[in-house]
Structure formats: structure tokens, C-alpha cells
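Dear colleague,

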Amino acid sequence: DLFDVAGQPTTAGSRAMSDAPAAAADCPAVARLRAAGAALTGHTNLSEFAYSGVGINPHFGTPANPATAALNPTPRIPGGSTSGGAVTVASGAAWAALGSDTGGSIRQPAAFTGTVGIKPTYGRASRFGMVAFASSLDQAGPITKTVEDAAIVLSDIAGSDPADPATVEADA
């Protein structure tokens with residue numbers, strides 16, 4: 001819920017954004033995934049405004065970590081802020097999730113849930129249409145079950161974007 005998806009509001013997991021209008025268009029990362037054949041199944045929960053390393057959202061709930069459920073029925077934190085994306089992938093409900101990473105918001109939930117998360121190099125993927133926590137550090141990247149799948153998603157979203165002057169052309 002941090003990336004613009006045509007027809008859906010982008011609320012960044014916050015009640016303060018509950019009146020956000022529906023996005024007019026997909027952000028470049030989402031548009032590139034769709035162009036590569038991805039089927040979006042929905043927005044996932046996250047820490048409010050991507051501001052948590054543990055994945056807690058007091059407004060909409062904290063998704064339980066599926067990686068720890070077999071060990072102990074007490075719900076455990078999934079890591080954050082891309083908590084819902086990591087839980088969706090770890091539980092098998094999705095093949096991949098798109099997240100944002102400033103200081104660990106893809107990498108931490110990936111580590112907590114036993115998935116793979118990559119924070120791309122600055123400028124690798126467009127940040128346009130993404131609610132930024134710290135635009136000089138935020139990067140859009142994948143969470144998947146395997147390194148190979150993460151490489152595929154990263155390849156799909158990478159590339160220059162005139163709307164984000166920090167982006168660079170992807171390697172061939």
C-alpha cells in the first residue's frame with residue numbers, strides 16, 4: 001500500500017491517508033511488473049508510512065509471521081516495514097511482493113520470514129508513484145522465496161524513468 005496502483009487509493013498504511021483518492025495510473029514499478037506479465041493480487045499491509053523495523057501497524061493490524069507459526073502458535077512480528085509483502089510471500093499467497101527499503105524495510109522482513117529481499121542500488125528502479133519515507137534513501141525492490149526470483153523481479157522493475165531523474169538505465 002505504498003505504491004500507486006491504478007484505481008486504488010495509496011494510504012501508506014495510515015488512517016491519515018484514508019481519504020486518498022484512487023491512483024490515476026500505476027507507478028512505474030507496478031506498470032513494469034504488469035508489462036512483464038505479473039498479476040497483481042492486491043495491496044498488503046505495512047508499518048504506517050514505512051516507519052518501523054518490526055512491521056507493527058496499530059491501525060490495521062500487524063500480520064503474523066508465518067515462519068514462526070509452526071514453532072509457536074503465539075503470533076510473532078514479521079519485520080518491517082514491508083511486513084505484509086513478506087508475509088504474503090512466506091505464506092505462499094504470492095510469488096513476489098514489491099516493497100520499499102530505506103534502512104532495512106525489505107531486508108528485515110525478508111530475514112524475519114525466511115524470504116529473499118533486495119534493496120537495489122540507488123537509481124536502479126523508479127521511486128515515482130511511491131510514498132517515500134526518505135527519498136534520498138528509498139528504493140523499490142522485490143521480496144521473493146528465491147534469489148533467482150528476486151533477480152527476475154528486479155530486472156523487470158529496473159531502468160530509467162523520466163519522472164524520477166535519479167534512475168539509470170538497467171544493464172542489458
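In this predicted model, the buried residues of helix H3 are Ser83, Gly84, Gly85, Ala86, Val87, Thr88, Val89 and Ala90. That makes eight of the eight residues of H3, which spans residues 83-90, so the helix is largely enclosed by the rest of the structure. The surroundings of those buried residues are helix H2 (66-69), strand S1 (96-101), helix H4 (107-113) and strand S3 (139-144), against which they pack. After H3 comes Gly92, whose phi is positive, near 90 degrees.

Two of the strands bring us to the sheet, which is open, has three strands in the order S1-S3-S2, and shows antiparallel pairing. Because S1 and strand S2 (116-117) stand at the edges, each with a single partner strand, one side of each is left without a neighbour in the sheet. S2 and S3 run antiparallel and are joined by two bridges, and Val116 has Thr144 in S3 as its bridge partner. Helix H5 (residues 147-157) packs on this sheet, where it touches S1, S2 and S3, and its direction makes about 150 degrees with that of S3.

As for the aromatic rings, the count comes to one aromatic pair. Tyr51 and Phe133 form this pair, which is tilted, with 5.2 Å centre to centre and 40 degrees between the planes. The pair links distant parts of the chain, 82 residues apart, with Tyr51 in the loop between helix H1 (28-35) and H2 and Phe133 in the loop between S2 and S3. Tyr51 is exposed, at a relative accessible area of 61%, whereas Phe133 is partly exposed, at 40%.

With kind regards

Notes. Residues are numbered from 1 along each chain as its sequence is written. This is a predicted model: local features need pLDDT of at least 70, side-chain atom pairs count only at pLDDT 80 or more; totals for chains, interfaces and linings use all residues. Side-chain values use heavy atoms; hydrogens and water are left out. Buried means under 20% relative accessible area, exposed over 50%, partly exposed in between (1.4 Å probe, protein chains only). Helices (H or I, at least four residues) and strands (E, at least two) are DSSP runs, numbered from the N terminus. Contact means heavy atoms within 4.5 Å. Two strands pair if DSSP finds at least two bridges between them. Axes are lines fitted to C-alpha atoms, for helices over the stretch in contact, and angles run from 0 to 180 degrees between N-to-C directions. Rings of Phe, Tyr and Trp (its six-membered ring) pair if their centres lie within 6.5 Å; planes under 30 degrees apart count as stacked, over 60 as edge-to-face and the rest as tilted.
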